[in-house]
Amino acid sequence: MDINTPFFKARASEALQDANLQQALGNLKQGFPHKRAIAVERMPEFDALRDQGRDLKNHILEHLDLYLEQFESRVTENGGHVHWARTGEDANQIILDICQQVNAKTVTKGKSMVSEETGLNDYLEKNGIQPVETDLGEYILQLRGDHPSHIIAPAIHLNLEDVSEAFHEHHHKPKSDDPVTLMQEAREALREKFVVADVGITGANFCVAETGSTIIVTNEGNGDLTQTLPKTHIVITSIEKVVPTLEDMTLFLRLLARSATGQEFTVYNTLSSGPRREGDQDGPDNFHVVLVDNGRSEMVGSQFQEMLRCIRCSACMNHCPVYGAVGGHSYGWVYPGPMGSVLTPKMIGIEKGAALPNASTFCGKCESVCPVRIPLPKLMRHWREDEFSKHLTPKAARYGLGSWAFLAKRPTLYKQFTRLSSWGLKLLANSPFGGKKGTLESIPLAGGWTDFRNMPAPQGDTFMQQWKQRQNAAQTDGESS
């Protein structure tokens, strides 16, 4: 997947003018946040569970090496194989090698953001292996040559007409605006792929150290067919997905479903614990787990460690005003929304990813709904500090911040400056250059704000003047009494 994050501003501007996208995003605003609120209201202990989830994730990250080693041992005991991938390229090569060992020509895939991160589909295709996405949203995107714009609803940026057009082109059937008809078309097309696939590739929501199991949660059941019908099952997942026990896993499942889709529980929760055993009615002959690092181990112990608590529920982006306005593709890479604004700069470098943490309004909604209480605004602020310290901030912003710092360190000068600025802005608001009702239509160096809205002009005295007046009044009252 190409990295287009440096072009965030231009892509966001295009998204705001895209009527089709804006219609699709309107559906998002009315859907997931409302359902989550209802699900949370039904569960009085939800906030207590969030605290438990945060604390448990912190414990796991403090002992990540131990739990990963335990997980590897259990998988091996179960007859499976664990592969360690330092980079995305390593993960792709490992999976290609496994596919070539079993002479695979076609692989079915469950939805996996890590495989998007590594660019697995393109890599397999270049090496003569056809990947087939089986999640409905991912399948639609694959037909269109598109990429996900959301973690749990990858095709949220599309409308029904877009899906109908894609199916008509590839299924060679009459167009339909009936969702049930379209779903049946996809089901028929995918059944053939499930049967002939040589390898099934899935992600994992969690990896359980005590049993060597991986679990996927879906609402369609496609993941179950992907991991049970082919003779070889490959799980590609990232190292922070490990949890100590099955009981720990259930805690996160309760948080995940409610935070993601507002469900009490996801429809399908399927565990894999190695290849088919003697007497089993189904299951693969070969079971492989590819654990991807790709920079995550460097986050352990750093100021960004808390980001590794993320359980990929999408609650932050479902409630984010920026994501809701511009959609996921504007972010220019795999992970959109507030969580992407923290994770993406780590993976592609702050030099390419600086636009994302700077795009946040810091309203704090993302942190308030995060099921594991990740302080996303604080982490985005760390990236802004990192950008500034590396002299990557645009010159205008650097000079502005430098000027403000100069004044802030000199209180007398600062008071004089704010008093003069307030007087000047009030004068400008009442001039022919002002807007309606004492507002400002244009301010030098603030075009990003005033191009789209008027700025209210200062009213009355400055804050420092009012503060001094109140202190004087209080002192006078005290003396008179």
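Axes here are lines fitted to C-alpha atoms, for helices over the stretch in contact, and angles run from 0 to 180 degrees between N-to-C directions. Helices (H or I, at least four residues) and strands (E, at least two) are DSSP runs, numbered from the N terminus. The model is predicted, with local features needing pLDDT of at least 70, side-chain atom pairs counting only at pLDDT 80 or more, and totals for chains, interfaces and linings using all residues. Residues are numbered from 1 along each chain as its sequence is written, and side-chain values use heavy atoms, leaving out hydrogens and water.

The chain holds 25 helices and twelve strands. Its C-alpha trace spans about 95 × 55 × 45 Å along the principal axes.

Now to one helix pair. The axes of helix 17 and helix 21 come within 9 Å and cross at roughly 35 degrees. Contact (heavy atoms within 4.5 Å) involves these residues:

| Helix | Residues in the contact |
|---|---|
| Helix 17 (residues 337-348) | Pro338, Met339, Ser341, Val342, Pro345, Lys346 |
| Helix 21 (residues 376-389) | Leu376, Leu379, Met380, Trp383 |

Elsewhere, an open sheet of four strands has the order 8-5-6-9 with mixed pairing; strands pair if DSSP finds at least two bridges between them. Strand 8 (242-243) and strand 9 (268-272) are at the edges with a single partner strand each, so one side of each lacks a neighbour in the sheet. Strand 6 (residues 213-218) pairs with strand 9 in the antiparallel sense over five bridges, and Val217 has Asn269 of strand 9 as its bridge partner.
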